[in-house]
Amino acid sequence: MRKSEERFRRLVELSPEPIVVHRDDKVVFVNDACLKMIGVTSKSDLIGKSIIDYVHPAFKEIVQDRIRNMKIGVIAPPMEQQLLTMHQDDSVVDVEVSGVGVLFEGKPAIQLTLRNITEQKKISRKLEETSQRYQSLFKYNPDGAFSTDLHGNLLDINPSLERLLGYSLQELTTMTFHLTLGTDDLKRINDYFKEALEGLPQNYEAVGTKKNGDKIPLEITYLPIIVDEKIVGVYGIVKDISKEKEVLGLLEENEEKYRSLFDYNLDAVFEINQFGFFTDANTMTENLSGYSKEELLTLAFPALIAKDLERVNIFFSTVLGGNAVTFEQLIKNKNGEIIVVDINAVPKRKKGQVNGVFVIVRDVTEKKQTQKRINDLAFTDQLTGLPNRHWFYQNLQEVVLRTKEKRQTIATLLVDFDNFKSINDMLGHHGGDLFLKQVAARVQASLSHNAVISRIGGDEFIIVVENVTEENVRQLAEKILEDMKQPIFLLGQEIVITLSIGISMQPICTSNEEILIQQADMAMYSAKEKGKNNYQFFTEDLKEKMSRKLQLEKALHEALKLKEFQLYYQPQIDLRTGNLVGIEALIRWNSPSGLISPAEFIPLAEETGLILPIGEWVIEEACHQMKVWEKEGRSKVKVSVNVSARQFHDVDFSWKVQQILEKENVDPRYLEIEITESVMMDIEESSILIQELKKLGVKIAIDDFGTGYSSLNMIKNVEIDTLKIDKSLIDEVLGNRRNLFILAAIIDVGKNLNAQVIVEGIEFVEQVTALKEFNVIGQGYFYSRPLPADQLEQIWYKETKISR
């Protein structure tokens, strides 16, 4: 027995497998292999210890059941479990344990043989993990996946392939995958399969057919399945590339559109990289620059810049910074010609990063030239070639701002040619145009370098001089007048030139351009009032006059509405009988500031156009008063009213007179319209209007006869009822027989025309005595000043009694 036990010990000690013997759960023997596994060096570290202490908690319960079974003689089959070791890393060892009951030292015990299977378990776990990964990849792959045998029969497919093709798993496993790709390209597909069986992965595109017959573009990959270094089948991946094809189609379409827009654009289109070099250019770029595309691709854009390269580089940097720019630029082509272009440049991006610039360039040279021609037309007077009114106002604004900033003197000279209308009437419009062209050139030649002239309309020209002294301006005005002394010859006529110049001058410009023009205008009219053919500076007196004029103009607009006008009446007396035979109605303005002379407000009414409603009111008021006198039983006498040239040129004038006559219900034979020679300048037009008035029954009188050169011409062309001789012709009748003979001759002219003759301005009894023999009618202060209607009635009553 002892020898047998010794042999057992020697065999066990020599065994490479760890062996442990325990009794009553206590270790009674271990071999060196077991010590090594557990991680101890001395058997005393284990003997006497409970075997359960070295069992992993997960296995303790089952190990205790096995020990109990082995104690009663049950042979326990090998079992895998884990042991706790004493190694420094406290590692766990996977072991396969076999147990059997034995007699040790003459007593029953259990012998355990341990086989370390840790590495085997690791390999097994890796294989399992690999298998699970493969299955997960296969099963959950969003792309279709399948495996075949060497003949192409489907062995396995994933759900994605089922969904992709519409076949069920059972249907697909009864066919080869190639059948789903149709028969049109079967040879090529079989060739790919054979290549995969040769160990060469394949990738290709094909069109698959779904179960419902729909066609679907696919990308297919074949990979050889290798087991034990032997190819046993093919693994396939099937991807639906419908969206990729759609996107690719859109990209191709967009690329075609881009190339069409790029290549066939009517503008020059090109790309440059971040270093400024050309990377692409269309045909129009070649045409514009004169360089071929090949030449351009060797150049940087500065080669085409004609000026302001630094400015262009700033724009280039701006675009590289991600911002679009638009600007106008001068470029030069290969031949050195300068071209004006509009440039639009935008950032060119790749993957969100700016890597260049996309540029569209339009040649605007012709457009600029056209604009210049349009500007020339818009800002140039077509007759004289001088700047026109539009240019003048624009330029004057700039000059005023500039002189204000520099605190310089500015002078404005308004030039108006005297009697231009007469010249125009004499020579006709063509001759008038020729006259203006010659005198405009002559004035322009008189100007200094700091003066510019514009034609602002008709025969009016305006000159603006910057940074000038009063003496300089005076010399300029005198030079213009001097240069104009030389007559000009037009259409066989010698024309003497006279002009009036109004000057507005401010040592430090503080006014706006409108005030400067108004001041020059006032000064120009002052020059005309002082005999014409001279120049006048704007002064404070003129300023006061202008201020009063503006105040009067404002008040004049309200006067009619506020009923501030009143008619005064001056009697007309038969010099032989002393009877009242007529009355002249004369307007007066009783403004809140006092009585305003007609000589002051009538020209203003003419200028503003208010003479039309005022003149209409005069006729209506006179007719109304005539009706009042008629109702009072007074003898009917004609009442004359003065009509201005502006009223007489109103096309509705005769109609308005008719409406008033009908409204007031007065006899038209007792209404007389007085017109002056100036009204009759257009004889033909005036004659028509006079005929219309006479058809109404209205009388016509020529006022202030004898003061103009056209008096005789006027009366020979129109039918008149009354000839009124101007006061100037009788002022020196007394004591001057020559003047008396002239007056007598004029009276004879009137009588021979069957017209009444009225002599105006009679102030002295001697004048009455001298005129009685001519059987005329007299009017003047000798008989009465103009009076309101109620005061005139007293004189009228007295005169009526006398005449009786």
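The lining of the second largest cavity consists of 16 nonpolar residues, one polar residue and one charged residue. This is a feature of a predicted model, and the volume of that cavity is about 210 Å³. Its lining comprises 18 residues, and Val-20, Ile-51, Leu-83, Leu-112 and Leu-114 are the ones nearest the centre. Five elements contribute at least two lining residues each: the strands β2 (26-30), β3 (76-84) and β5 (107-116), and the helices α2 (32-38) and α3 (60-71). Helix α3 provides the largest share of the lining of the second largest cavity, with four residues.

The chain as a whole is divided into five parts: domain 1 (2-121), domain 2 (141-245), domain 3 (275-368), domain 4 (383-538) and domain 5 (555-793). Between the C-alpha centres of domain 2 and domain 4 the distance is 98 Å.

The next feature is a sheet. Five strands form an open sheet in the order β12-β11-β15-β14-β13, and the pairing is antiparallel. Its edges are β12 (278-281) and β13 (325-332); each has a single partner strand, so one side of each has no neighbour in the sheet. On average, neighbouring strands of this sheet are turned by 30 degrees against each other when direction is ignored. In general, the strands of a sheet pair through backbone hydrogen bonds, in either a parallel or an antiparallel manner. Here, strand β11 (residues 268-273) and strand β15 (residues 353-363) are joined by six bridges in the antiparallel sense.

Helix α8 (residues 242-263) lies across β11, β12 and β15, and its direction makes an angle of about 110 degrees with β11. Helix α11 (residues 309-320) lies across β11, β13, β14 (338-350) and β15, and runs at about 140 degrees to β13.

Rolling a probe the size of a water molecule over the atoms shows where empty space is left. The model has five cavities of 30 Å³ or more, and the largest cavity has a volume of about 270 Å³. Of its 22 lining residues, Phe-270, Phe-301, Ile-305, Ile-343 and Val-359 are closest to the centre. Two or more lining residues come from each of β11, α9 (283-289), α11, β13, β14 and β15. Helix α11 gives the most to the lining of the largest cavity, namely four residues. By class, the lining of the largest cavity holds 20 nonpolar and two polar residues, and no charged residues.

The second largest pocket has a lining of another kind. By class, seven nonpolar, one polar and seven charged residues line the second largest pocket. The space in the second largest pocket comes to about 390 Å³. Among its 15 lining residues, Glu-529, Lys-545, Lys-549, Pro-603 and Glu-607 are closest to the centre. At least two residues of this lining come from each of α16 (513-529), α17 (540-559) and α18 (598-608).

Technical notes
Residues numbered from 1 in each chain as written. Predicted model: local features only at pLDDT ≥ 70, side-chain atom pairs only at ≥ 80, totals over all residues. Heavy atoms only, no water. 1 Å grid on protein atoms, 1.4 Å probe; cavity = no way out; pocket = protein on both sides within 12 Å on 5 of 7 lines; lining within 4 Å. Points joined across faces, edges and corners; volume = space filled by probe spheres on them. Nonpolar A, V, L, I, M, F, W, Y, C, P; charged D, E, K, R; others polar. Pairing = 2+ DSSP bridges. Axes fitted to C-alpha atoms, helices over the stretch in contact; angles between N-to-C directions. Contact = heavy atoms within 4.5 Å. Domains from an automatic or database assignment.
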